[in-house]
2 protein chains.
Amino acid sequence: MDIGSDAPPLTPAGRRIVDAAEELFYERGITAVGVDLIAEHSGVTKRTLYNRFGSKDNLVAAYLAERDRRWRSAVRAAVDASDGAEEAVTAPFEALRSWTTTYTRGCAFLNALAELPDPRHPGHRVAAEQKRWLLGLFEELAAAAGCHGPATLATRLFVLHEGAVATAPLSLGTVAAAGDLARALVRAAVRR
Amino acid sequence: MDIGSDAPPLTPAGRRIVDAAEELFYERGITAVGVDLIAEHSGVTKRTLYNRFGSKDNLVAAYLAERDRRWRSAVRAAVDASDGAEEAVTAPFEALRSWTTTYTRGCAFLNALAELPDPRHPGHRVAAEQKRWLLGLFEELAAAAGCHGPATLATRLFVLHEGAVATAPLSLGTVAAAGDLARALVRAAVRR
DNA sequence: TGTGGAGTATACAGATCAGTATATCCGCGA
DNA sequence: TCGCGGATATACTGATCTGTATACTCCACA
């Protein structure tokens, strides 16, 4: 039922379809990319695409769910690699820094929300849930590090993070600036 | 030539077209809205639309230029209404707060950049230029208020602003949080 | 042996897309 | 009175859109 949550095993063709969708949707936009193009890029018939995913809307949700899965594992890896609980709070900014060297079109989820206004769209739900997850993660990490006012701090870090990823394609130095300020905020919230 | 800069006077039909485009493009997305729908909503023939704007791409640019013009005047009004140079620095956050009560689909310019990857698209240029303007404005205001490190502070305020407007549709309290943190940053940069 | 799932191949429906063609009407200023 | 710019009305082109129909091949597994 829900495509994103418990990862139904993909057939080989399904795998290739999601891979092609991930690149094309992200680089060119969701509405601008047709299913014919995705079928062609994945070396698959349109019939197979519809047998696997049922509709374009579901394929969009699968693309976002896959992106979400990979982003979360990158963030978790950065958290695990960080040196202590205080550094862990800003680990998502480290993940973002390397993430944006590969993906230069901004945030796939914010971009999707820009194109999918209808909250009933399955892709809209996946994207919105991704944002709520990140906000919750910041709060968990802030609490674990013993920060004062973890909820307020988490919202602030979340805003910084989203501002950085949203403006990353403009190359205005926002990714580094957000990380610097985030670390300063955490430092101040710990030592008090 | 350049639609946004020196505001060529619009004919009555042209005015109605831009108004309809502004609502439809913002609410439903640029690629998802066709020129036929805009012509219908503005009570105008498609022939007239093409006589006025030449192409959909140019109409998109005109829509964004109009939005930019109105947003800048709202920001300038907030700056003028602010009490002193220090408050003026965070005036854009006040403008944003009232702006987001009317426009609940996030930032028209970030949304446009999400849909228009090609930097040669006339709409892409208008949107990117809008962001650079805001960043520059923050720096001017910070310098005028005598803040320490106005460039660094401006980038930080800019990131906060963009994070707030990008996540505003999610109703996670980011607009208020960004404003609060912005005021604290300016306060700290002034008293030192 | 044979059954069913995965995938291919091709064609099609019906709608919508951006943009053009042709012809006409109206009001205003020279 | 003439001409011209703004706008209307309607029809059209050719491409592309999502989604479906029909008929086929291949292969693992029971």
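Modeller: This is a predicted model. The residues of the surface near DNA strand C divide into six nonpolar, six polar and five charged.

Biologist: Why is the pair formed by Arg52(A) and a phosphate oxygen of DNA strand C called a polar contact?

Modeller: The cut-off is 3.5 Å between N or O atoms. A polar side-chain atom of Arg52(A) lies 2.9 Å from the phosphate oxygen, so the pair qualifies. For Thr11(A), a side-chain N or O atom is 3.1 Å from a phosphate oxygen. Gly43(A) uses a backbone N or O atom, at 3.4 Å.

Biologist: Which elements give two or more residues to this surface?

Modeller: α1 (12-28) and α3 (46-53) of chain A, together with α3 (46-53) of chain B.

Biologist: How do you know that the two copies are related as by a two-fold axis?

Modeller: A rotation of 180° with 0.0 Å of shift along its axis superposes chain B on chain A, RMSD 0.0 Å. The copies are therefore related as by a two-fold rotation axis. In chain B, the C-alpha of Gly163(B) is nearest the axis, 1.7 Å from it.

Biologist: Why do you say the copies meet through the same surface?

Modeller: Because 100% of the interface residues of chain B are also interface residues in chain A.

Definitions and conventions: Residues numbered from 1 in each chain as written. Chains lettered and ligands numbered in written order. Predicted model: local features only at pLDDT ≥ 70, side-chain atom pairs only at ≥ 80, totals over all residues. Heavy atoms only, no water. Least-squares fit on C-alpha atoms with pLDDT ≥ 70 in both. Contact = heavy atoms within 4.5 Å. Polar contact = N/O pair within 3.5 Å; in protein donor to acceptor, adjacent residues only side chain to side chain. Helix = DSSP H or I, 4+ residues; strand = E, 2+ residues; numbered from the N terminus. Nonpolar A, V, L, I, M, F, W, Y, C, P; charged D, E, K, R; others polar.
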